[in-house]
Amino acid sequence: MSKYDIVVIGGGLVGCATAYYLARSKANVLIIEKGELNRQASGQNAGSLHFQLEHRLVKFWDTLKGTISEMIPISIMAQDLWSTLEQELQADMEVVQHGGLMLAETEEDVDKLKRKHRLEKELGLDSQLLTGEDARSIAPYLGANVLAAAYCPAEGHANPRVVTLEYAKKARESGVEIRSNTLVMSLNRTGGEWKIRLQTGEMVRADNIVIATGAWAAETAQLAGLHLPMYPVPLMMNVTEPVEQVVGHLIQHVGKKLTFKQVRDGNILIGGGWPSRFTTKHGLIDLSKAPIIDPSIARTNLKVACSVVPSIQRLRLLRTWPGVAGVSGDQLPVLGEFPERPGMYVAGGGSAFTLGPAYARLITELILTNRTSLPIASFSPSRFSHLNLFMQ
Amino acid sequence: MSTALGGDTMVRIYRQTGESDKIQLRINGNQVTACRGETLATVLMIEEGVGYRRNRFGSRRGPVCNMGVCFECSVLVSGRGQVRACITPVEEGLEVYTDVIFQVQNEEIPSLNHANIRDREVYDVAVIGSGPAGLTAIRQLAGKGLKVAVIDEQELPGGQIYRQPPIEFQTADIHTKGNVLLKGTGEWQGIDWIHATQLWGLTPLDQDGYTIVSSEQASLFELSLSGKTRGSLLVKRLLLATGAYERMVPFPGWTLPGMMSAGGIQLFIKSQKYIPGEKTLLFGTHPFLIVVANQILQAGGHIEGIVFAQDVPNVRELLRYGLHSMGRWGKMRELFTALRAVRDNKVPVHFGMLPAHAAGAEKVEKVMFSSWNGTKELSIACDSAGACFGFVASSELARQAGCHMHFDREQGGWIAFHDEWMQSSVPPIFVAGEITGVGGAEISELEGELAGIGLLQSLGYELDDLRIRAKQLNVHLASWRRFAKMLGEATALKPDTLQSIRTDSTLLCRCEEITAGDIRQAIAMNQFEDVNAIKQATRCGMGLCQGRYCENSLLEEISPDLQCKGSGKLNSRQPVKPVLISEIL
């Protein structure tokens, strides 16, 4: 029976990055992935590097008022990590941090933008408010109905098709073992260590396990007998044909679901959290099949994009694709050790592409040194202990 | 006639010049005269040469399929966007640019009031594709009081094999194949012909018109349209008769301008009265090459040679082919007539030679071949080359709708399952023609007719004597399918042969310029078993043709023995082919 210091469950960005950071500190690590590496949200998202408070948070400002500020330090950490990541992994991952614009089209949007910007400023995030005119002077492709924009110079994008695979490559070189197409069947802690049974019948032992299964994290936690309020959400993206470089920023919208960027190959990716539809079985969500895209939702997403960048109407829509992301019950990251299960950690909770390297670094610090460079107490899974009071 | 490339001339051997109206358009700023009825591809090839555009990697490219599949003919039309030149008729005053230009200025986007907008109008049946299979099905459905929509990308019914010339070029005796069927279309009642229109997405709905996720439980489908007709239709039944396209085989130089599909050349002659070259080479594995050769000769073109990959058939094989061909006199007659023309014109025919390398500066100038054991070589100079190594079924809509598919390398790759009424595993969806396995126009006609009967039955019609006809059709089909199977076996090269004729530096994905070496490296590094994982990691299959020309090669690279699992199928998503955003909003 093989024994590891840490078994990471999930071969996405957070899993591969965590394994890499752990192995760099000489830990003996195994990654177990039920499918192929990078095939779920890590590879299917559109690669935005967004550090301003995003639409999904701003929309629920009043509900999140007490905690929304907690997101800013971790964003700043992620911003710094991305700026050196290509150097660190010695890989071209198409990381660009050429600045991002969050747009406002109505007076109400402008107020939201101002409120958000004030809080970010207070907490040290570099961003500035621009008038519509100023925004158009740096981004001439923006349409006339953009009233204002918040500009964050560190925003940009990276290529999700390759980031996870580069982390995995470096992890392997640092001694990490990777087992893809392997399903975990059970997680048990006995005799002070974890016993992980695989679909093959094989048993693996580990001192610690890290749940990095994103939208599947609730299922993984259940293998250890615990509840974890992580929810799968079905999303969709649009991509245009490749064209000459024109869009030199990450574009977001403060009042609407929109992200918009042009990648190095020239394609423009248009998304922003528009839903696809889960396949169902007996009325319940069936995560084994990819969600289905509703063309009317794709069209709505494109209309939102055309309202702020009208000239993209002249482009061909090349493809749409669905993906499943994991979002926590309260929208905040879930990062830490389960008080009910010593040696069981979780990392994830939303925006896990932009924040993935930071999640991975913080959970690595916690496992190896029991302290972290940022306070993460409010992200601990212990905030859901009330759900596990009755779980054995 | 301007010759942009290398001073060679593109012949317009019997381009219509007398009768048809002349119109003016601009190409890259220069005034050009064209004939109404011509496509942009024809005009561009005449004016600018076959390699009239560069892709974004700077490589010269030109039309390949001439039927809307490869997207290699794309050009920018001012005020509209990038369009496929091969399916865009010329219009007075068009401004066309052959380089990729994205206009940043925020122009006023004209309203779409010239388009025919449909808003969820309900039809009993929609037939997708008006080739041989679609047409016989439509004939069966006509006059029964049903509301039937026909959706096709081309301007006129006929599909590819029965492709009609544009109205402007039509004369009484212009085509023979499919004539009988096409002549009848005018009398068919209750048919709404929606042409020059693309079905870009289909959504399952329940009986009240709400979106559901399971195709199997759908009562209706919503069809999203773009092109001349836009908006959407609701249909109770759907017949997918989407045909096939030629299988292109990657080998060094296969993407040079002038390297076309044999069918692409044939379509230029059939529907544009234009021969895209003075010295044509034909190569591949399929007897279709002989048919195309005959058409080129009839049109007054010149053929440098026909090169078959197979060895000269031995007596035993000939006997077997002969036995299977009994009763298929029409097909045999066509082939023998063509063979006679090839012989009379002293066209050199070679056997047992695999393509090794196509060379040329800006377009193809010669193609080199090599015998299977490498001892013999052959080099043929040409200015255009048409390949046919068999066909790939256009099964994207069936995949997208969740129809149960299976893989048969020799019958067109991924093809749809069906029952004896041509009904797929998704009850409202019927399938006919090449989508069920590539077999040619005759099988497609039979399957279309059968599907028409199946559709009537599923809509509650009393079949009476149609039931007997359906039995007969199934009997005919059984023997035709044996013939098609034999033809598929005889013309499909084995995966290891196909792998051996491409080197690590050969482009496997022509749209995104991904090489076979890139694919091999990605597989070796990540132990990928899933074709979509390779697509994601390498971009292979992410281009404008959406993987239509690389899927089979990808499968060969993952699993040379092709014991394909369910994972060996590229995801097919909306839009089914790229569409202009302005035309779907």
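In this predicted model, the contact (heavy atoms within 4.5 Å) draws on 54 residues of chain B and 48 residues of chain A. The size of an interface is often given as the accessible area lost when the parts come together. Here, about 4600 Å² is buried between chain B and chain A. This is the accessible area, taken with a 1.4 Å probe, that is lost on joining and summed over both parts. Carbon and sulfur atoms give 55% of the buried area.

Two salt bridges link chain B and chain A (a side-chain nitrogen of Lys or Arg within 4 Å of a carboxyl oxygen of Asp or Glu). Arg539(B) and Asp265(A) form a salt bridge, with their closest N and O atoms 3.2 Å apart.

On chain B, the side that touches chain A takes at least two residues from each of several elements, including strand 11 (197-205), helix 12 (516-526) and helix 13 (531-538). Helix 13 of chain B supplies the largest share, six residues. Helices (H or I, at least four residues) and strands (E, at least two) are DSSP runs, numbered from the N terminus.

Strand 18 (residues 316-328) of chain A pairs with strand 29 of chain B in the antiparallel sense, over two bridges. Pairing requires at least two bridges found by DSSP. Arg316(A) has Leu580(B), in strand 29, as its bridge partner.

Residues are numbered from 1 along each chain as its sequence is written, and chains are lettered from A in the order in which they are written. Local features need pLDDT of at least 70, side-chain atom pairs count only at pLDDT 80 or more, and totals for chains, interfaces and linings use all residues, while side-chain values use heavy atoms, without hydrogens and water.

Conventions:
Buried area = accessible area lost by both parts, 1.4 Å probe.
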